[in-house]
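Subject: Structure handover

Hello,

Here is the structure I said I would pass on. Please open it next to this message while you read.

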Amino acid sequence: MNESVQGLPLLVLLVGMAIAIAILIKSGLERIGVPALVGYLVMGFVLRLIDNQWDILSLEGQEEIFQFLAQLGIIALLFRVGLESDLAGLMRQLSRASIILAGDVLLSGGLAFVVSYWWLQLGLISSLFVSTAMTATSVGVAVGVWQEEEATDSPNGQLLLDVAEMDDISGVILMALLFAIAPTLKDSVDASLVPILAQTAASFFFKSILFATVCYVFSRNFEAAVTGFVRRIEKPPDPMLTVASIGFIIAAIAGLLGFSVAIGAFFAGLVFSRDPEAVKLDTSFTTLYEFFVPFFFIGIGLQIEPHALTTALGLGSALLIVALLGKIIGAGVPAVFMTGWVGGILLGVSLVPRAEITLIIMQRGLLLGNWAISPEVFAAMVAVCAVTSIVTPLILHRMLEQWPQTQPEES
């Protein structure tokens, strides 16, 4: 019996145990107000420690299969982000929310770059990865708290939803641009960077506009017909599975065009987001989402090198301060002029958590190699995501209890 056949039962056992444990982790952490992603990260890291001791993932292809499941998790994650985006609603609130977004992104990214490049001496490319990752936020972590406090329908709650959604979209755009220019920066250290970067950026924007146009044409002219057709011939949950399969195809096409599949998945979600009937199918997508997405976070934990943790503690502490100040000041200060100091503080704190998009950016950098992201920087940013995702909900609960947001007007 060859090694791959011998390893199959162990692989099936590991995947089955991972699914079962992930469900228990989600259920347990939700009871105490901690995002499940934190448990998934710890689970992946524990699996890495076990593998280092007993080589349980060393048989042919096993670790690669876990990473493949993690990539499917990325696609499911960003497909849902795109699917739940309300572009029409965002356009109506653009003038108001964009002012806060500008301060949020510029200060979060700018402060992260300054600290990473000049203080922590991480190098240009690593600093750009950290800077881009810091601009994103985790919508689900804070919005979940606002929903529990019945505050999402308040003026401040609606503004938070708008800013957080724009934060996601801007994070994906910046991520795509970074992925395009990073190899150019690596290969052109001794050359004049400005014309090379300009050419790379121009090529990126041309392909992006072309891809977005194709997606838009499909969304406007074919999406409703496709969705209606599958709803007529298929019984639930099959229509959503068909929609998801189209999303996977679009993600794959984006990857073949030189984007990442994550970017393609986000665009695929946007294709269907404008159709209320397609969005209704999102509930059928939940099971698929809950199956694959934990593997993304488990995969992140698997990639943390234990020996990098000592250095990561110092880096993580510095980057944690950046993560806090960037959002609280960058988003909170502009919001004060629109909502008052209570709304400004609430909004700034609500945008502090980093998770999904931040981790996707850092994982891509780690996979590129040490010239992009070192294991120490990767571990530090994972720690930042875990801490901000744990601490922020606890603080927000207390703040929303002190400053209830359930009334039509801010109290």
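Predicted model: local features only at pLDDT ≥ 70, side-chain atom pairs only at ≥ 80, totals over all residues.

Residues are numbered from 1 along each chain as its sequence is written, and side-chain values use heavy atoms, with hydrogens and water left out.

The core

A nonpolar core here is a set of buried Ala, Val, Leu, Ile, Met, Phe, Trp, Tyr and Cys residues joined through side-chain atoms within 4.5 Å. Buried means under 20% relative accessible area, exposed means over 50%, and partly exposed is in between (1.4 Å probe, protein chains only). The largest nonpolar core has 99 residues, and the members that touch the most others are Phe66, Leu78, Phe79, Phe129, Val130, Met134 and Met175. Helix H3 (residues 62–83) gives the most to this core, with eleven residues. Helices (H or I, at least four residues) and strands (E, at least two) are DSSP runs, numbered from the N terminus. Another core, of 25 residues, lies apart from the largest one, and its members include Leu160, Val163, Leu347 and Trp403.

What does Phe66 contact, leaving aside its neighbours within four places in sequence? The list is Leu11, Leu14, Val15, Leu47, Leu57, Phe295 and Leu302, where contact means heavy atoms within 4.5 Å.

Ile65 also lies in helix H3. Ile65 has 35% relative accessibility, so it counts as partly exposed.

H3 and H12

Two packed helices are described by the angle between their axes and the distance between the axes. For H3 and helix H12 (residues 261–273), the angle is about 35 degrees and the axes are 7 Å apart. Axes are lines fitted to C-alpha atoms, for helices over the stretch in contact, and angles run from 0 to 180 degrees between N-to-C directions. On the H3 side, the residues making the contact include Ile74, Leu78 and Phe79, and on the H12 side they include Ala265, Phe266 and Phe272. The residues of this contact divide into 13 nonpolar, four polar and no charged. Ala, Val, Leu, Ile, Met, Phe, Trp, Tyr, Cys and Pro count as nonpolar, Asp, Glu, Lys and Arg as charged, and the others, Gly among them, as polar.

Phe272 has its C-alpha atom 9.6 Å from that of Arg220, 52 residues apart along the chain. Arg220 is found in helix H9 (residues 193–221) and, at 47% relative accessibility, is partly exposed.

Cysteines

How many disulfides does a search of the whole structure find? The search finds zero, a disulfide being a pair of cysteine sulfur atoms within 2.5 Å. Cys215 is buried at 9% relative accessibility, and Cys385 is buried at 0%.

Loop residues

Gln303 lies in the loop between helix H14 (282–302) and helix H15 (309–330). Its relative accessibility is 12%, so Gln303 counts as buried.

Most residues other than glycine have a negative phi. Gln121 is not a glycine, yet has a positive phi of about 55 degrees. Gln121 sits in the loop between helix H5 (94–119) and helix H6 (124–135) and is exposed, at 58%. Glu150 has a positive phi of about 55 degrees as well, in the loop between helix H7 (139–148) and helix H8 (155–187). With 63% relative accessibility, Glu150 is exposed.

Regards
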